[in-house]
Amino acid sequence: MWLAIDKRINTSLIRQIYGQIKSMILEGELPAGHKLPSTRWLSEDLKVSRNVVLEAYAQLEAEGYIESRRGSGTMVAEGLYFRRSEAKVEKRLSSTGYKEEDSGLIDFRSGIPALDLFPQKEWGRLFHKICSQVSYSAFRYGDSEGIMELREALSDYLFRVRGIRCSPEQIMITSGSTQGLSLISKLLYNPDIEIIVEDPVHYGLLNVIASYGYSIKPIPVDYKGIRTDMLKTDNDVGFVYVTPSHQFPLGGVLPIQRRIELIRFAEEKDCYIVEDDYDSEFRYEGQPISSLYELEPNRVIYVGSFSKILAPALRLGYVILPDVLIPKYLRLKKYTDVHTESLSQLVLAQFIHDGKLEKHIWKMKKEYYKKRQAAINSLNSNFPDKYVVKGHAAGLHLVAEFQNVSFTEAVLEKIMQQKVKVYPVEKYTIHKGKHSNKLIIGYGHLSTAEIAEGIKRIKEGVRRGGGS
């Protein structure tokens, strides 16, 4: 049968024999009705125990590949020819769009924290302590709303640092803010309503909303956030999605006048406002901006996440819901993933209770401020008097608006050839053509040396692309 087995590898002899015979059957090398050798003969030929061959044949028979016929031996079953075309194997791409084996590429992607400064030892110590000491009941299925210890810790934390007054019962723990927005979109879905979003907007989150079949109405953004004077529609509205504390990507802070106009619009349309507060903790001038939620808790659904504060891998986020929405939300959450992973919730609750989260945020604010300044210093050196920084000093990115440069596909290709990946604001726009001279410079995950080198490469790419 031309079987080849290798006793040195980790795959068992049974799986090796089973796998090779199965492949030959599916590829047509062993046609229907073909008689297989006896288990005794094959075991002697391969110099393995007969029990090994018996187990392999038994597995093939259980899955329907072969049939044993009394007095006739073992035959290949009918209807199994399944020749597959050769699959073209592509080199795997990372989520950032470039080959993982690429070395030396500097990626200015926004929203990635400095993961080398994640409090790994402290988190590991707390995780070990909780796993060792927690009651066995913590390993059961949990509540869809999340564990109460974390919800209580978050209620205290949000009031202390953001001035948000909410009960723990209103806080729903999610597997990241993306799941939170997905559940909200499903919760409020109606085929006859439209959703209002900022333009530009995070395209990933826009896709989450649009995936439910909503009609999307984009409203332009300036450097004070969404243009509330343009909030006009004759249609029913489900919700307005905004990032008022640090608009993504332009960085504007929505002033109180526009906040009031936005709430009045929501009241008039009898709809909700979804406030995505994705990185408000990292503000480098004064205290964090007050939330929109404070003004009208019954109209605003607040979405928060720990992906930017701590690490995306934790997949921990939360939403604050008006009481009327909670029962339906819990049903949706239950049938989505039952509950968010409980042990990490317990660790985060203790991390917040011990004051470690605020200490970490304070440390990271100083670090990100240095990186922001390094980006500005490098822009000053490479593009003197040819750019301006837009948006408030906050978050993990800045927006640079350049003079006499349009980041066309040709220019972006020249920049990529310098082994630097950039993100034009235009990529995040719904109505194109208004932001072609702006770049998002994400700096949170880069060293100051990488930031300086990356901006130097951007300059060279712009020069080669025909920019000034």
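Student: Which residue stands opposite Gly 73 in strand 2?

Tutor: In this predicted model, Arg 69 is the residue that stands opposite Gly 73 of strand 2.

Student: And how many bridges join strand 1 to strand 2, and which way do they run?

Tutor: Strand 1 (residues 66-69) and strand 2 (residues 73-76) run antiparallel, and four bridges join them. Three residues lie between the strands of this hairpin, and Gly 71 there takes a positive phi near 85°.

Student: Switching to the open sheet, what is its strand order?

Tutor: The open sheet has four strands in the order 12-13-16-15, and the pairing is antiparallel. Strand 12 (387-390) and strand 15 (423-424) are the edge strands, each of them pairing on one side only. Strand 15 is joined to strand 16 by two bridges, and Tyr 423 stands opposite Ile 440 in strand 16.

Student: Which helix packs on that sheet?

Tutor: Helix 11 packs on the sheet, where it touches strand 12 and strand 13 (397-402), and the direction of helix 11 makes about 15° with that of strand 13.

Student: OK, helix 13 next. How far apart are its end C-alpha atoms?

Tutor: They are 25 Å apart, and this agrees with expectation, because the 17 residues of helix 13 (residues 448-464) should span 24 Å at 1.5 Å a residue.

Student: Which residues of helix 13 are buried?

Tutor: The buried residues in helix 13 are Ile 451, Gly 454, Ile 455, Arg 457, Ile 458, Gly 461 and Val 462. As a general point, an α-helix has 3.6 residues a turn, so residues three or four places apart point the same way.

Student: What do those buried residues pack against, and what's on the face turned away?

Tutor: The buried residues of helix 13 pack against strand 3 (106-107), helix 11 (356-382), helix 12 (409-417), strand 14 (420-421) and strand 16 (438-442), whereas the face turned away from the buried side carries the exposed residues Ala 449, Lys 456 and Arg 463. After helix 13 comes Gly 466, with a positive phi near 100°.

Student: Which residues have the most contacts inside the largest nonpolar core?

Tutor: Phe 306, Leu 310 and Ile 458 have the most contacts inside that core, which has 82 residues. Ile 458 is also one of the buried residues of helix 13.

Student: What does Leu 310 touch?

Tutor: Leaving aside residues up to four places away in sequence, Leu 310 touches Pro 113, Leu 115, Phe 118, Pro 119, Trp 123, Leu 348, Phe 351, Leu 357 and His 360. There is also a second, separate core of 27 residues, which includes Met 172, Val 197, Tyr 214 and Val 274.

Terms used:
Residues are numbered from 1 along each chain as its sequence is written. This is a predicted model: local features need pLDDT of at least 70, side-chain atom pairs count only at pLDDT 80 or more; totals for chains, interfaces and linings use all residues. Side-chain values use heavy atoms; hydrogens and water are left out. A nonpolar core is a set of buried Ala, Val, Leu, Ile, Met, Phe, Trp, Tyr and Cys residues joined through side-chain atoms within 4.5 Å. Buried means under 20% relative accessible area, exposed over 50%, partly exposed in between (1.4 Å probe, protein chains only). Contact means heavy atoms within 4.5 Å. The expected span of a helix is 1.5 Å times one less than its number of residues. Two strands pair if DSSP finds at least two bridges between them. Axes are lines fitted to C-alpha atoms, for helices over the stretch in contact, and angles run from 0 to 180 degrees between N-to-C directions.
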